[in-house]
Amino acid sequence: MALRGALSAAGRRWAQQRLCCTARGDTIFAVSSGHGRCGVAVIRTSGPGSRGALRSLTGRPELPPPRVLALRRIRDPATAEPLDRGLVVWFPGPQSFTGEDCAELHVHGGPAVVSGVLRALGRLPGLRPAEPGEFTRRAFHRGKLDLTAAEGLGDLIHAETEAQRRQALRQMEGELGRLYQRWSETLTQALAHLEAYIDFSEDDNVEEEVLSQVDAAVRALEQELGAHLQDGRRGELLRGGVRAVIAGPPNVGKSSLLNLLCRRPAAIVSPVAGTTRDVVEVSLNVTGYPVVLSDTAGLRDATDPVEREGVSRARDRLQRADLVLAVLDATAVPAEPAGLGAAVGSLVPPAAPCILVLNKADLLGGDTGALRAACARGPPVPPATLLSCKTGDGIDRLLELLGQQLAQLCGDPLAGSPSLTQSRHSQHLGDCAAALARYGRHRARDLGLAAEQLRLARRHLGRITGHVGAEDVLDIIFRDFCVGK
Amino acid sequence: MSCNPSFGGIGKGHLVREVDALDGLCGRVCDLAGVHYKVLNRCKGPAVWGLRAQVDRGLYRDNMRKEILNTPLLTVHEASVEDLLLTEPEPDHPGKCRVRGVVLGDGSTVHTGSVILTTGTFLRGMIHVGLEKHPAGRLGDQPSIGLAQTLERLGFAVGRLKTGTPPRLAKDTIDFSGLEERTADNPPVPFSFLSKAVWIKPEDQLSCYLTYTNPKAQQIVQDNLHLNNHVRETTKGPRLSETLYLYCPSLEAKVLRFPNREHQVWLEPEGLESNVIYPQGLSMTLPPELQEQVIKSIRGLEKAKMLQPGYGVQYDYLDPRQLTASLESRLVQRLFFAGQINGTTGYEEAAAQGVIAGINACLRVRGKPPFIVSRTEGYIGVLIDDLTTLGTNEPYRMFTSRVEFRMSLRPDNADARLTHRGFEEAGCVSQQRYEQAVKMKAALEDGIAALKSLQFSVSKWSQLIPEVRLSSSRRSPMSAFDILQYPEANMEILARAIPEPLRKFAKWRELSERLKIEAAYEWCVVNQQEEIEEVRQDEALQLPEDLDYFAIDASLSTEVREKLSSNRPQTIGAVSRIPGITPAAIVNLLRFVKNKHRKAEKLKAFPQTDKYLPGKMYSEKAASQTQISAELSEEEPESTFVKTPV
């Protein structure tokens, strides 16, 4: 039957591939132990570059014996900076999970170590982060996938891609997502106009000036991408981190808290209730974790339409927060646990991780013992501290609480692995920028080659923002130009 | 050629080259019939060059007829086909019945191993001019009604498409003096790999002329929409309004979508001796007297005489997702479709399908595996994969932007991509063409090896070839192949500097040109190789043709199952091109294929008999007849195997 003939042809190809499986192709890497808090993280590579990668990261010319665990110091080959001490395994193809040369690095599971190793791998020539399901597909292509193994793997990959999709969606809602989306639209439009010029200009009304517009768009995008990649490497401005939201009634000192934490007057503060109306956002590095901190309008039933919009935005942020800093006026709260818990409960969505900040502690005077005891009580009171934004008293305790919460959050398997996503993103953005630079080089000589660079750039960006097919490009062409015969 | 008097163009020229590489006829016949040869996109790089020619209708018809009638073993029979002869299906192929012949208009029958339908616009064709409409496949020809009913009865999903043709003008009534002239190339570039030159002397070629519409034409169109059935239906139709007429818009569509601007009108000669001018861009369906008004409003055409009005055609097409990649229908075994019946527009798109349907109709009768061109191998592959995987809801036209591997799939190398396979797997390529392709391939390999072996420092190269400006920043040595990428470099310059061993390559003009192109694209082609490999691997993973996606035991969402079921992808590669299919769904399908594959391997351990040995049921002659019929159909898509009497 047809199926039999077809599949046996496929079978022949598999056999051929098995013979030459390590001869060519790029090398992929990814964390394969799942995301989140764990003692040990396993980072896996597959492809002909695995051998070189293992040598580079262990700094030794010899490989460990096949399929035997070996203890090695792992360094970043670019800087020689030690990243970790961990176990490495060498699986020469075809006796490996994917059938290709594979290596595994079993390192400590902290986000810094994992992202450090991933960054180091990403800088090696010929290595790139794996796309969802790619290890399995490679294993499949080499005829390595055993059915019972596949059964489990399919579910795992399903979970993996679902998690990544959620993660991607979450990021896409933020500033970063909007930025990528805008780039994607700019690039798709530029590509479509160039494609129109190639497919139509001579017979139709596609004017020469389209080209200079494409040039300008590409140049601007290239510069913006370059700046972004530079920026992303600096610690303080790490983006896409934990979204912490400061919330509370009006005039309790929310904006003062934001200014205190970022050590500059990022938000306007005044004694007038309702000063903050829009969401003010700053990126922070808190005990090594990237945090995007938002100050929001005080929560009350506002009458002024602008303030009402501010309150609605504040509630929207609260719903999407990873961590809430609930701020209350220390002089106006009940000094007993049940009352405190109720006050927080009226502000914060249930189940959201939360820190309670009792501000204006400097105005308390006299006896603060009952309030301190209530703070230390635990549920229904969230982790809490007294603070004076005016004097700075209590800030150390707040940072300590923040650090604990962030550690817990970043280790939470549900939060996904921002470091993995980030390293994938920056790699794709880097490749995108490189392709845009090549566009300029080809532009005068060969428009086809120049367009190819835009297609490549689009493909790299598409790994972050989603695929754009030929039909989408044609849609833009026929929307913007009167062409066809 | 029943519509425009031209062949090729951007993207379409690629198709003609590929058809020629498989020994299809249209390229060769165009080289015997063109009156104006022009390579479009000359300054945009050889990957997107568009070979194009204005073709003399009469010469094309005569030369094509001569080729066909002189084809050995081919019997040509001209008649209308009214019905199909059907019989029991072969048990282990999908399909509810099998075709075994056709019934002609006079009631007689022709028995055959396979049938290719290339009905053009004839299936329930309906011509519209103004408010009038009448059944016709094209002006003066009866439509095909019986066959359309048969296909519908068999359960084929049928859709309706529209197309149109402009009025024709008398050349001697046009004032060309103030118009922009476009002269032909000198020397002309032939379509066929076999043609050393085209038939016409370069200086004897005719020119085309460009003029523009103005607000007056727009006014006439807008004031008379109520007199224009074809356009009214297009703009009011519930589903058609947005997509229809984008790729081949009528003047009305252009004016409505992009008002208040000039629209180009190319005045193209219909032949060397012909007094007919084809005004490309003026396709319209207004009543004839209003068409005359539009024409007279255009510069140069103030006194032009309209020889024949433009008109619209609406016709049946079949959802091409009902076909396999070999263009055989899944419903009726051994019944193949090619051309406009599959929802495409253009001679070149039709020819591309014709050659593939023809080859496969023949291979099928001989019991051989199908001949499929992959997306990674040719524009033909992109065209057929797009049609059979994604379907289409307006006449599908080839664009280079549809092609993922545009840098590799160039007009210059179509022979290297397809001729060898055509000879070895399909048996459709002549010995002469095959030998020429083999020779060229070997010469290219030798040339590239020789160029790569010549390595010097940048300063040494600057001495050797001062006419090429090199960037001096490079420290590592450069090969002659690297040098050849520079715009000013060519084989002649290189051979002058280094006669040994380059002189022998430089002497061969075609080879020199191809070597330069290879050098320019090497980086891109090498870079794409990995991706190409990935696509090929995915395309090698076939999905069973009769898979019931709602029944299979795989973890797939209902939405994904619906998409798979309506698009019927044949390979994992095709699955990944369907919008909205997730990576997880692909992996789950992979698992399913793997499972099937194992079972199939087990089955293979048992001896099997081949039920379709050639000669058992059909003579060798019948088989080649099928093939030739297909080749014929690829050249004149509107008027062949399924034919209404002329």
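User: How many aromatic pairs does the count come to over all chains?

Analyst: The count comes to eight aromatic pairs over all chains. Note that this is a predicted model.

User: Why is the pair of A:Tyr180 and A:Trp183 called tilted?

Analyst: Rings pair if their centres lie within 6.5 Å, and planes under 30 degrees apart count as stacked, over 60 as edge-to-face. The centres of A:Tyr180 and A:Trp183 are 5.7 Å apart and the planes stand at 35°, so the pair is tilted.

User: What separates A:Tyr180 and A:Trp183 along helix α6 of chain A?

Analyst: They are three residues apart in helix α6 (residues 175–200) of chain A, and therefore separated by about one helical turn.

User: What makes β12 and β16 of chain B edge strands?

Analyst: The open sheet has six strands in the order β12-β13-β14-β15-β11-β16 (chain B), with antiparallel pairing. Strands β12 (180–182) and β16 (306–308) of chain B each pair on one side only. Neighbouring strands of this sheet are turned by 35° against each other on average, direction ignored.

User: How do you know that β13 and β14 of chain B pair?

Analyst: Two strands pair if DSSP finds at least two bridges between them. Strand β13 (residues 208–212) and strand β14 (residues 264–269) of chain B have four bridges, in the antiparallel sense. As one example, B:Tyr212 has B:Gln264 in β14(B) as its bridge partner.

User: How are α1 and α12 of chain B placed against each other?

Analyst: Two packed helices are described by the angle between their axes and the distance between the axes. For helix α1 (residues 12–21) and helix α12 (residues 414–426) of chain B, the axes come within 8 Å and cross at roughly 35°. The crossing of α1(B) and α12(B) is right-handed.

User: Which residues of α1(B) and α12(B) meet, and of what class are they?

Analyst: From α1(B), B:Arg17, B:Glu18 and B:Ala21 meet B:Ala414, B:Asp415, B:Arg417, B:Leu418 and B:Thr419 of α12(B). By class, this contact of α1(B) with α12(B) has three nonpolar, one polar and four charged residues.

User: Where in chain A does pLDDT stay under 50?

Analyst: One stretch is residues 1–24 of chain A, for which the model has 39 contacts beyond four places in sequence. Another is residues 232–240 of chain A, with 17 such contacts. Where pLDDT is low, the predicted coordinates should not be read in detail.

Technical notes: Residues are numbered from 1 along each chain as its sequence is written. Chains are lettered from A and ligands numbered from 1 in the order in which they are written. This is a predicted model: local features need pLDDT of at least 70, side-chain atom pairs count only at pLDDT 80 or more; totals for chains, interfaces and linings use all residues. Side-chain values use heavy atoms; hydrogens and water are left out. pLDDT is the predictor's confidence in each residue, from 0 to 100. Contact means heavy atoms within 4.5 Å. Helices (H or I, at least four residues) and strands (E, at least two) are DSSP runs, numbered from the N terminus. Axes are lines fitted to C-alpha atoms, for helices over the stretch in contact, and angles run from 0 to 180 degrees between N-to-C directions. A crossing is left-handed if the near helix is turned anticlockwise from the far one by less than a right angle, and right-handed if clockwise. Ala, Val, Leu, Ile, Met, Phe, Trp, Tyr, Cys and Pro count as nonpolar, Asp, Glu, Lys and Arg as charged, and the others, Gly among them, as polar. Rings of Phe, Tyr and Trp (its six-membered ring) pair if their centres lie within 6.5 Å; planes under 30 degrees apart count as stacked, over 60 as edge-to-face and the rest as tilted.
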